[in-house]
Every structure is written in C-alpha cells, then in structure tokens.
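Subject: Structure for your review

Dear colleague,

I am handing over the structure below, followed by an account of what was found in it. Please read the text with the model open beside you.

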Amino acid sequence: MVKNTAEIVHQIMTRYGNDREALVEMLREINREMAYLSRETLALVADTLKLPYSQVYSVASFYSMLDLEPRGQHVIKFCQDAPCHVAGGRAIWETLEHELGVSFGATTPDGAWSLLTTSCIGACAVGPVMMIDDEIYGNLTPERVREILARYADADIGG
Amino acid sequence: MIRSRILISGDPLSLARGAEETRLAIEAELSFLGLDDEVEVGYVGQVDRTDMLPLVMVYPEGVRYGAVKPADGAYIVQEHIYKGRIAEHLLAPPETLSGEVARLPGREGAQYAQKRILLRRVGLIDPLNIEEYIAHDGYFALGKALSEMQPDDVLNAVKESGLQGRGGAGFPTGLKWSFVANQTGEKYVVANADESEPGTFKDAMIMEGDPHALLEGMALTGYAVGAREGWIYIRGEYALAHQRLTHAIRQAEEYGLLGDNIMGSDFSFHIHIHAGAGAYICGEETALLESLEGKRGTPRIRPPYPTTRGFRGRPTVVNNVETLANVPPIMLHGAAWFRTIGTRRSPGTKLYTVMGDVNITGLIEVPMGITLGEVVDIYAGGMKGGRAFKCAQTGGASGSIIPAELLNVPMDFASMADKGASLGSGALLICNEDTDVVDLAYVLVRFFKSESCGKCVPCRVGTAQMLEALDRLRQGYARSADLQRLEQVATYARESSFCGLGQAAPVPILSGLRFFREEFEAKLKDFSL
C-alpha cells in the first residue's frame with residue numbers, strides 16, 4: 001500500500017518535471033488519485049521537491065479544492081454566495097442539512113455523503129446551484145433536492 | 001461536400017443533461033444513413049438560453065430543437081436531414097427565451113446596442129475547430145500586426161483606443177503595457193482567468209465559446225511588450241474552459257499561429273495554462289503570481305507592481321480575459337473605431353452577467369455607458385413578477401450596492417466612481433423590494449470571511465468581527481452601540497487592509513449603511529422612532 005502511494009505520487013510529479021512551480025497542480029492531481037492528501041503523501045511530496053514539509057502543508061491547506069481528510073463517497077458542494085442566496089439558497093441549504101442529517105463541513109456517519117460549501121461555480125443564471133461530485137445541478141427547489149438525493153441513493157443500492 | 005451542420009450546445013449544463021449522448025446518437029444515425037460526409041456535427045460553447053438544454057441547432061436553416069434527449073437524436077436526423085422536414089414537436093419553444101447569452105434587442109436611439117464585439121463568435125462557431133475561428137477574422141489581427149506593424153504601433157493603438165482593464169479597476173491597458181515594454185530582459189504576459197467573483201462568469205463564456213480570441217489577444221500583447229511567454233491562470237473550477245483552451249493552444253501551434261516564428265516572422269510566443277485549486281484571493285494579481293509560482297496565494301506588497309517585478313520577479317503584464325479579448329478587434333478595426341463605441345471616458349463594450357429577480361438572466365454585451373435601468377428594462381425583460389426594484393449589487397462580492405436613485409447613471413468606470421459606486425467585474429445582481437439588505441450584507445461578508453487569506457489582521461479579524469456583528473443584528477440582538485462598532489470596524493478594514501479583498505469586504509456594509517441606514521437601524525433591539 002505504502003509503495004503504491006509512492007508510485008502514484010512519483011508518477012504524477014515526474015509528469016510535471018518535479019517542478020516546484022507546479023506544486024499546486026501536482027497536489028490537485030494527487031488529491032484526485034488518492035481521494036485526499038494524507039500527511040504521509042505530503043511528506044513524500046516535500047521530500048521529492050526538497051521543500052520543508054511545513055511549506056507543502058501550508059500550500060495544501062490553503063486551497064479549497066485540496067482535501068486534507070477523506071471525504072464521503074459522494075461530495076456535495078453547495079454554493080452559498082449572494083446570487084444563489086437571492087435565488088432561494090437558504091431553503092436549499094436547510095433541506096440538504098435536514099435530509100442528510102449533518103451540517104455543512106461534515107460527512108455522514110455511513111460515509112456516503114460529504115456536505116460542503118463552495119464559492120461560485122459560475123452557473124449563477126440557474127441558481128441556486130450545487131455540485132454532486134462533478135455534476136452541476138441548477139434551478140434547485142427543496143423538492144428537486146430530495147429527488148436528486150433519492151436518485152443517488154437508489155443508484156448506490158442498485159450497484 | 002458539407003450541406004448541413006448540426007451544432008449541439010456543449011456548455012457544462014448541457015453536458016450534465018446528456019448533450020454528449022445526444023451527439024453520439026445523432027452521429028450514429030448520420031453514419032447509419034451514410035450522411036456523415038455531408039453533415040458536420042459540433043459543439044457550441046454557449047447558447048442564448050438555459051431553459052431548453054441541450055439545444056440542437058441545424059444550419060443553414062437555423063432551426064433550433066430543445067431540450068433534445070439522446071433518444072430524440074436519431075429522429076431529428078431522420079426527419080430534418082434525411083426527409084427534409086422539420087420535427088415540429090421537438091422545436092425549442094421561443095416564448096421562454098432566457099439564458100446565458102442574451103440577445104441584444106436594439107434600443108431606441110442607441111446606435112450601438114446591437115454591437116457584439118467580444119461575443120460575436122460565441123455560440124456561432126465550433127470552439128474546437130480553429131478553422132472556424134480563422135474563417136471569422138481569426139488570427140487576422142495577429143497577422144496584420146506581424147506583417148505591417150512594429151510592436152510600438154500595437155502598443156500605441158491600444159493606448160489610443162482608451163481600453164481599460166475589465167477586471168474591475170479600469171486601469172488604462174495601454175499604460176500598463178508601456179511600463180513593461182520599456183524594460184529589457186525576460187518578460188511575461190499573464191491572463192487572469194481566475195474569475196471568482198460570485199456571479200461573474202463572463203470570462204468562462206469567452207474561453208468556452210471562443211478560446212482562440214484569448215490566445216490571439218495574448219500573442220498580440222506579447223508582441224507589443226516584447227514577451228515570448230504567456231500564462232493563463234485559470235480557476236480550478238473551470239474544467240471545460242481549461243480543456244477547450246488546451247485544445248486551442250495545440251491547434252494554434254500546429255497551424256503555426258503560436259509557438260516559434262509565428263507565421264514565419266521573428267516573433268515567437270508560447271502559452272501555458274496553470275489551473276488554480278479554489279481560492280478567491282488568487283484573482284488579486286499579486287496573489288495570482290504567487291500561486292502561479294506554486295506557493296500559497298497570498299498577496300505581495302505593492303509597489304513594486306507586477307509591471308516591474310511580477311512572475312519570477314520579471315516585468316509582467318497581468319490582464320483580465322475580457323481585456324485581452326478586446327485587443328484583436330482593436331488591431332483589426334483601429335483605435336478610432338473602438339472609441340466610437342461606449343462613452344468618451346470608457347470606450348468599448350462591457351460584458352455583464354445579469355442575475356436575481358429579473359425575467360431574463362444571463363450574459364449580455366452592451367456598450368459602456370448604458371444605465372442600470374436600461375439593463376433591467378430592456379435586456380433583462382423587467383423585474384420578475386412586476387415587483388419593484390430595490391437595489392443591485394455590482395461587480396460580484398466586491399462591488400457596491402446600488403440603490404434605485406442611481407438607476408439612470410451611465411455604467412462606466414468613471415461615472416460609477418463619481419457616485420461612490422463601483423462597476424466591479426460586471427456582475428449585476430438585481431434585488432427586488434422584498435430583499436433584506438442586512439441579510440444580503442451578511443451573505444456577502446460571510447463570503448469574504450471564508451476567503452480571507454489570513455495574511456493581514458484588518459481583514460482576518462475584521463471580517464470575523466463584521467460577520468458576528470451582522471449576525472447579531474440580523475437576529476435582533478444588536479444595540480445601537482453594536483451598529484456603531486460595526487461601522488467603525490468596517491471603516492478600519494476598508495482603510496488598512498493589505499489588499500483588495502480586505503478593502504472590499506466592508507463595502508457591502510458601508511454602501512448598505514449609506515443607502516439603507518434605516519433598515520439597519522430598524523433591526524436594533526433598542527430601536528425607537
């Protein structure tokens with residue numbers, strides 16, 4: 001397992017020529033491959049680039065698309081900015097918390113869902129908007145949210 | 001021979017709704033009928049509506065079908081292409097037109113209301129096909145510059161055009177370039193495509209629908225200032241734009257329109273893409289440069305400005321995508337032409353994303369100087385449900401709140417500044433009479449608090465304190481002393497924050513208090529008339 005991590009990390013980093021300027025992009029790709037950036041992974045990156053661990057950690061913790069802890073099977077990112085808020089975002093926010101039984105920033109105990117906020121995803125003309133994994137859902141209403149969540153739950157059970 | 005062309009909307013929303021499957025179904029049927037040599041199929045970046053996606057458009061007739069399910073793809077081919085009759089029941093109904101690229105109806109007395117400069121190709125050409133860009137005057141401006149103009153001529157044309165930076169500050173573009181052009185050694189051109197102001201997605205529409213326009217603008221900039229390398233810093237969330245730009249760069253290099261010795265000249269220019277990873281602050285140019293160098297995106301002290309010490313410590317032009325996309329048309333038609341559009345102090349057009357309580361939301365391109373009232377009435381189709389206009393919030397989160405009194409002020413950088421408001425990045429969030437201004441300010445400040453990079457105290461601590469005070473006020477626990485303190489903290493943060501983020505964070509509070517003080521006071525616990 002440990003060897004596997006090292007292989008993946010080095011493969012990605014080699015593609016970027018182990019270039020310190022590409023640190024953010026490398027971390028993003030490693031994050032995508034590994035699901036999140038563990039301390040061991042970050043230490044490996046730091047060693048390879050001959051940078052202090054603190055610097056790599058500070059970069060990793062700075063950007064919202066980099067995860068320092070594992071997320072749920074599906075990640076919901078809800079836009080909480082003004083355009084979505086004006087379009088009725090609060091009701092969606094409450095529906096999501098109510099339906100999943102967790103507040104924002106948390107993962108459900110069964111590990112199925114992580115509920116996160118995001119800043120604008122550029123689909124403001126159809127707000128309120130949320131992203132589930134890489135899919136964008138717009139024109140949300142509380143009913144539509146329940147419908148969408150149910151669809152994912154069915155698909156997961158159905159395999 | 002190609003006799004028909006089928007274009008499918010390929011924006012993220014359409015793709016999310018199965019545009020890819022629809023395209024595959026159409027292609028499969030064409031191939032089944034042996035028509036694949038006669039009909040070309042492609043994506044368009046953006047279409048002028050969002051309600052009927054994915055949209056399938058058949059040219060030359062210009063028939064629009066929507067929303068087209070994958071299962072309907074084969075039927076459209078059979079009926080329209082094979083049998084030559086329109087599949088009536090699949091037509092996109094016209095009465096609910098709305099969307100991301102709004103049409104520009106002519107306005108009485110407004111000579112240039114129909115003028116599309118930046119969006120003229122968006123939605124018309126296949127963004128994945130460089131030949132279509134070339135067929136619509138693409139790379140013509142670059143060719144003209146390289147064969148007929150010296151770098152100084154390009155620089156002077158931009159200076160004379162009066163083009164101002166479209167990222168929000170409105171700094172004269174030609175002047176910025178001249179700072180870099182005057183220096184020797186390695187220099188860089190950076191396109192700021194971090195567009196992260198909430199409610200702003202204009203640059204995404206250019207990059208997704210007409211990616212070569214940005215590349216050509218950057219190459220012209222490089223030629224003018226003497227740079228050989230350019231970087232596009234694109235926000236991490238813009239996966240589709242990233243993909244289209246990568247493809248466009250590769251195509252342009254294959255055609256000798258980017259890379260070494262462009263069009264056989266001595267000028268070489270390479271463009272790289274660097275994706276962000278989710279940080280609003282990286283739209284600030286010095287934070288962007290830090291991030292581009294692989295570090296935390298925290299702002300640098302200015303001066304020295306990036307024009308002196310930018311990327312890798314070298315002189316760097318940092319321009320917004322929309323600004324750069326204005327450069328090719330200026331080269332093509334001249335500075336004098338550009339000055340005939342817009343206002344005397346702010347020539348050209350401006351892209352606005354219109355959202356909120358109006359009938360038509362979406363992206364529009366209008367001449368500078370059009371008033372907010374005109375945008376609401378003409379382009380946005382009026383207020384939704386006939387409700388009254390209360391205020392607009394401009395320029396994403398760092399814009400200001402504009403009350404009804406300013407509906408008739410021309411929207412250009414200088415006129416807005418005269419009234420103590422800001423045009424910002426071009427987002428117009430229109431709010432009706434039911435909007436709670438205190439609540440709106442709370443949501444805006446919450447955004448800044450979560451995006452504060454933490455480098456300086458006025459912003460890091462100030463945003464937290466402002467948010468807490470607004471929350472108390474919103475919930476009815478605040479007293480007049482709290483409001484005084486809120487105003488005081490907001491003023492401090494405005495005056496002493498290190499960069500634009502911290503200086504902008506208190507603006508919703510300060511402009512809210514300026515225009516709607518009575519609403520803030522009405523929420524006080526010890527409020528009395």
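Leaving aside its neighbours within four places in sequence, with which residues is Glu285(B) in contact? They are Lys176(B), Arg302(B), Pro306(B) and Val318(B), where contact means heavy atoms within 4.5 Å. Glu285(B) belongs to helix 11 of chain B; helices here are DSSP runs of H or I with at least four residues, strands are runs of E with at least two, and both are numbered from the N terminus. With a relative accessible area of 17%, Glu285(B) is buried, a word used for values under 20%, whereas exposed stands for over 50% and partly exposed for what lies in between (1.4 Å probe, protein chains only).

Before going further, please note that this is a predicted model, in which local features need pLDDT of at least 70 and side-chain atom pairs count only at pLDDT 80 or more, while totals for chains, interfaces and linings use all residues. Residues are numbered from 1 along each chain as its sequence is written, chains are lettered from A and ligands numbered from 1 in the order in which they are written, and side-chain values use heavy atoms, with hydrogens and water left out.

Chain A

Chain A contains 6 helices and 4 strands, and from the N terminus on its elements run α-α-α-α-β-α-β-β-β-α. Its C-alpha atoms fill a box of roughly 50 × 35 × 25 Å along the principal axes, and of its 159 residues 52% are buried. Among contacts in chain A between residues at least 6 apart in sequence, 54% join residues at least 24 apart. The chain exposes about 7,600 Å², 50% of which is supplied by carbon and sulfur atoms; accessible areas come from the Shrake-Rupley method with a 1.4 Å probe, and for residues only the protein chains shown count as cover.

Helix 2 of chain A (residues 23–34) has 12 residues and reaches 16 Å from its first C-alpha to its last, close to the 16 Å expected at 1.5 Å a residue, the expected span being 1.5 Å times one less than the number of residues. Because 10 of its 12 residues are buried, helix 2 of chain A is largely enclosed by the rest of the structure; among these buried residues are Leu23(A), Met26(A), Arg28(A), Ile30(A) and Met34(A). The helix is followed by Ala35(A), whose phi is positive, near 75°.

The interface

Between the two chains, 51 residues of chain B are in contact with 31 residues of chain A. The area buried between them is about 3,300 Å², and carbon and sulfur atoms give 56% of it; buried area is the accessible area (1.4 Å probe) that two parts lose on being put together, summed over both. On the chain B side, Ala277(B), Arg296(B) and Arg446(B) lose the most area to chain A, together 17% of what that side buries.

The rule finds 2 salt bridges across this interface, a salt bridge being a side-chain nitrogen of Lys or Arg within 4 Å of a carboxyl oxygen of Asp or Glu. Asp439(B) pairs with Arg90(A), with the closest N and O atoms 3.3 Å apart. Glu21(A) and Arg312(B) also form a salt bridge, at 2.8 Å from N to O, and this pair crosses from the loop between helix 1 (2–15) and helix 2 of chain A to the loop between helix 11 (285–292) and strand 8 (316–320) of chain B. Glu21(A) counts as buried at 16% relative accessibility, while Arg312(B), at 36%, counts as partly exposed.

Within chain B

Over all chains, a search of the whole structure finds 32 salt bridges. One of them joins Asp203(B) and Lys202(B) at 2.9 Å; Asp203(B) is buried, with a relative accessible area of 1%, and Lys202(B) is buried as well, with 2%. Both residues take part in a network of salt bridges that also links Arg166(B), Glu322(B) and Lys350(B).

Asp434(B) and Arg387(B) meet in a further salt bridge, at 2.6 Å from N to O. Asp434(B) lies in the loop between strand 13 (427–432) and helix 17 (437–451) of chain B and Arg387(B) in the loop between helix 15 (372–379) and strand 11 (389–394), so the pair ties together parts that are 47 residues apart in sequence. Asp434(B) is exposed, with a relative accessible area of 52%, and Arg387(B) is partly exposed, with 34%.

With kind regards
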